[in-house]
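Try each task before reading its solution.

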Amino acid sequence: MQADIVILGIFVADTAFRASRQPVMGETILGEAFHLSPGGKGSNQAVAAAKAGARTAFITKLGTDAFADMALSVWQQAGVQPAVSQHSDASTGAAYIFIEAATGNNAIIVCPGIAGQLGPNDISRHQQLIASAQVFMVQLEQPLEAALCGLEIARAAGTTTILNPAPAASLPEHMLGLCDYITPNETEAEALTGISVQNADGARRAAEALCRCGVGTAIITLGERGAYLHNDEISQLIPAFHAGLVAETTGAGDAFNGGFAAALVAGLSPFEATRFGCATAALSVTRPGTASSMPAKTEIQALLSQNP
C-alpha cells in the first residue's frame with residue numbers, strides 16, 4: 001500500500017438528531033429529523049482528502065458489525081485505502097450528535113468503540129506506510145499514546161506532520177515540537193495556550209504561543225470568520241468563503257483539515273492550502289452529514305476560482 005496522505009483516527013457511526021433545542025436532564029422532547037451517517041474525525045478527514053484529490057490511507061480499528069460495513073463502504077466510494085484491523089470481540093464506534101434546527105450548530109458525544117484501544121503497537125505495524133507518505137495527520141479521538149507514536153514515526157522519516165488537537169486535551173510538552181502544522185479551533189487553541197480566542201488578535205497571540213512551543217505553523221480555525229495562519233513568514237487572517245445557506249456545521253473542521261492536507265500534497269503554499277481548506281469547509285456546511293458532505297476537488301476549485 002502506498003499513499004501521499006496517511007491519517008490516523010477513528011470511525012464512528014453518527015446518529016444525528018435535529019431539534020429546536022436539547023432536552024434538559026429527565027426531559028423528553030420531539031425531534032424534527034434523524035439521520036444515520038458515517039463519521040469520526042479521522043475518517044471524515046480521510047474522506048475529505050481523498051475527494052479533494054489526494055491518495056489517502058486511513059489507520060484505525062473496527063468491529064465486525066453493521067457500522068464497520070458502513071465504514072468500509074464509505075471508504076471504497078471515496079477512494080480511501082483502509083489500513084484497518086477488524087475485531088469480533090468489540091464494537092465499532094458511534095456518536096450522538098445534536099443539531100440545533102435554527103442554526104445548524106451542534107453538540108456531540110463520541111464513543112470510539114474498538115478504536116479507543118489503538119496503541120503504539122498498532123501504529124508501529126504501519127511504520128513503512130507512514131514513513132513513505134508526504135503527510136501524516138492525526139487528531140485526539142484515539143488514545144494519545146497512539147497519536148504520539150504516529151507523530152514520532154513521521155518526524156523521524158521526514159514526513160510532514162499535522163496535528164488537529166480535537167477534542168481538546170492536555171498534551172505532553174514535547175508533542176508540539178513534533179508538529180509541522182497544528183490546526184486547533186478557538187476552544188482548542190485556548191485550551192492549549194490559555195489565551196482567549198475571540199477575534200483575529202486573540203488567534204494571532206495563540207498561534208504565536210503555539211509556535212514558541214515548537215510548532216512550525218499554527219492555523220487557528222475560526223468557523224465563519226475563516227482561519228488565522230501564522231509562522232515565521234506570514235501572520236494573516238484568511239477569510240471564510242460563502243458557498244450557500246448553512247445546513248449543518250458538523251464536520252466543517254474535518255473538511256478543512258482534509259482539504260488542507262490534500263492541498264499541501266498538491267504543492268500549494270501554506271497560504272494557498274489554508275484557502276483551499278477554507279473553501280472545502282465552506283462547501284461542506286451547505287450539506288447535511290459529515291463524510292457525506294465532503295466536496296469533490298472540482299467543486300473546491302470552482303469556489304476558489306469565483307473568489308480569487
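**Exercise 1.** At what angle do helix α1 and helix α8 pack, and how far apart are their axes? Keep in mind that this is a predicted model.

*Solution.* Start with the two elements: α1 covers residues 41-51 and α8 covers residues 252-265. They pack at an angle of about 45 degrees, and their axes are 7 Å apart. Next, classify the angle: roughly parallel needs under 35 degrees and roughly perpendicular begins at 65, so α1 is oblique to α8. Finally, look at the handedness: α1 passes α8 in a right-handed crossing.

**Exercise 2.** Is threonine 183 buried or exposed, and which side chain does its own side chain join in a polar contact?

*Solution.* First locate threonine 183, in the loop between β10 (181-182) and α6 (186-193). Its relative accessibility is 1%, and the cut-off for buried is under 20%, so threonine 183 counts as buried. Its side chain and that of asparagine 257 are joined by a polar contact of 2.6 Å.

**Exercise 3.** Inspect both ends of α6.

*Solution.* At the start, a side-chain oxygen of asparagine 185 comes to within 3.1 Å of the backbone nitrogen of threonine 187. Just after the helix, glycine 194 has a positive phi of about 80 degrees.

Technical notes:
Residues numbered from 1 in each chain as written. Predicted model: local features only at pLDDT ≥ 70, side-chain atom pairs only at ≥ 80, totals over all residues. Heavy atoms only, no water. Helix = DSSP H or I, 4+ residues; strand = E, 2+ residues; numbered from the N terminus. Buried < 20%, exposed > 50% of the residue type's maximum accessible area, 1.4 Å probe, protein only. Polar contact = N/O pair within 3.5 Å; in protein donor to acceptor, adjacent residues only side chain to side chain. Axes fitted to C-alpha atoms, helices over the stretch in contact; angles between N-to-C directions. Parallel < 35°, antiparallel > 145°, perpendicular 65-115°, else oblique. Left-handed = near helix turned anticlockwise from the far one by under 90°.
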